[in-house]
Amino acid sequence: MDEQRVRERGGGPPQRWGHGPPWRERRDGEGPPGTDGDVGRWPWRSTLLLTAFVLAGSKFAADQQVGDRAHLDLFARLLLVAGSGLLLWRQRYPVLVVFATAAAAMVYLGAGYPYGPVFLTVALGCFSAVVAGHRKAAWTAVGMLWAGHVLIAHRLYRWLPPSGDQAASWGQELVVAAWVAAVVAVAELARVRREQWDRERAERAQAARRRADEERLRIARELHDVLAHSISVINVQAGVGLALLDSDPEQARSALTTIKAASKEALGEVRQVLHTLRTPGDAPRAPAPGLDRLSELVEQAAGAGLTVEVRGAARKLSPGTDLAAFRIVQEALTNVVRHSGSRHARVRVDEADGALRLCVDDDGPATGADAGGSGNGLAGMRERAAALGGTIEAGPRADGGFRVLAVLPLKVREDR
């Protein structure tokens with residue numbers, strides 16, 4: 001039961017970390033990507049750790065650059081804390097955060113403060129924006145920071161602190177450009193990987209829905225075929241019993257005996273289907289019916305007043321083909337009992353050109369009476385044949401009868 005509840009809630013098997021990172025799993029009731037419902041909790045822990053690292057790293061960098069850059073005062077620390085604190089919103093507002101962190105880093109560098117981990121805030125902001133799909137915004141923000149650094153280091157340094165500063169070398173600018181390119185490349189790689197994970201999850205969900213639909217159709221066909229045939233026999237025999245109850249009690253008793261046998265068989269097959277539903281993956285208690293039970297169908301049809309002539313036989317078939325062939329003949333005979341005025345049917349079984357051919361004929365005419373059917377018999381037969389790569393042809397014959405012709409491949413195509 002627990003496994004069944006899991007399947008009902010998730011539409012498929014539980015996901016494993018191997019299919020994608022755990023932080024990509026959404027919570028129930030969340031909205032589409034880019035909305036507040038897509039981000040879950042606030043990233044407090046990572047932001048606090050990064051803020052502490054930036055402050056400590058900047059202090060260490062300032063000690064190494066004494067005399068070259070401005071002293072790390074209160075304003076510098078406020079800029080560092082502000083740039084790191086903005087990352088709390090990096091999942092909710094990635095565009096705003098990437099531009100804000102770039103602006104804070106530009107002010108920090110323009111004020112002449114030491115180079116150091118301040119660039120990590122911009123890198124993480126850029127990463128979040130690219131992964132969220134805002135590539136142009138991330139590139140623009142990082143490009144503006146690099147252009148601003150070039151402008152400050154080669155033109156505005158004369159009027160900005162620290163005093164006596166000199167122009168930076170172009171070799172240093174190449175290093176900064178390489179750093180920017182590396183950040184963007186890593187972010188793009190993460191974005192591509194994230195999109196791949198999303199596609200894989202969507203494909204798994206679609207496959208799970210498709211399997212559920214196929215299983216639902218299979219169960220519907222099984223229940224329809226089992227109940228339709230047995231209840232048709234019961235319906236006919238009940239009419240016979242009522243008609244002969246007073247005039248011929250022995251014949252009425254025979255009809256009631258047939259009703260009892262047909263209902264018992266129907267209950268047994270329904271229990272088998274329900275048992276399969278309750279214990280998925282277990283082998284059925286009884287083997288699935290096949291053409292080796294064709295004689296039982298003939299006996300049941302005889303109990304409903306229908307004489308069936310069988311010609312030909314088939315070799316050992318695969319379980320799927322054998323079950324489909326049995327159900328197709330069963331449904332065809334049920335339709336004869338329900339809808340045909342003829343009390344005689346012919347079943348022909350043969351093999352030709354690598355295919356099993358099943359032909360069920362009756363002499364008609366159609367009664368036109370409502371037999372209480374669902375109208376899904378022919379549709380179910382076509383679905384069974386199509387699932388194996390076969391075909392069903394059903395329609396009136398020129399002489400007034402009706403024919404059902406099924407062609408099923410002996411070598412069943414593999415289910416992909």
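Predicted model: local features only at pLDDT ≥ 70, side-chain atom pairs only at ≥ 80, totals over all residues.
Tyr93 has a relative accessibility of 42%, so it counts as partly exposed. The reasoning rests on two cut-offs: a residue is called buried under 20% and exposed over 50%, and partly exposed in between.

**A residue inside helix H5**

Thr121 is placed in helix H5. Its relative accessibility is 3%, and it is therefore classed as buried. What does Thr121 touch, leaving aside residues up to four places away in sequence? The residues in contact with Thr121 are Leu50, Val54, Gly83, Ser84, Leu87 and Thr101. The side chain of Thr121 also has a polar atom that lies 2.7 Å from the backbone oxygen of Val118.

**Two loops**

Gly133 is found in the loop between helix H5 (118-131) and helix H6 (135-154). Because its relative accessibility is 49%, Gly133 counts as partly exposed. In sequence, Gly133 and Arg191 are 58 residues apart, while their C-alpha atoms are 7.3 Å apart in space.

Asp353 sits in another loop, between strand S2 (344-352) and strand S3 (355-362). With a relative accessible area of 84%, Asp353 is exposed. The phi angle of Asp353 is near 55 degrees, which is a positive value in a residue other than glycine. Most residues other than glycine have a negative phi.

**Cysteines**

How many disulfides are counted in the model? The count is zero. For a pair of cysteines to be counted, their sulfur atoms would have to lie within 2.5 Å. Cys126 is buried, since its relative accessibility is 0%. Cys359 is buried as well, at a relative accessible area of 3%.

**Accessibility in one view**

The table lists the residues whose accessibility was given above.

| Residue | Relative accessible area | Class |
|---|---|---|
| Cys126 | 0% | buried |
| Thr121 | 3% | buried |
| Cys359 | 3% | buried |
| Tyr93 | 42% | partly exposed |
| Gly133 | 49% | partly exposed |
| Asp353 | 84% | exposed |

Key:
Residues numbered from 1 in each chain as written. Heavy atoms only, no water. Buried < 20%, exposed > 50% of the residue type's maximum accessible area, 1.4 Å probe, protein only. Helix = DSSP H or I, 4+ residues; strand = E, 2+ residues; numbered from the N terminus. Polar contact = N/O pair within 3.5 Å; in protein donor to acceptor, adjacent residues only side chain to side chain. Contact = heavy atoms within 4.5 Å.
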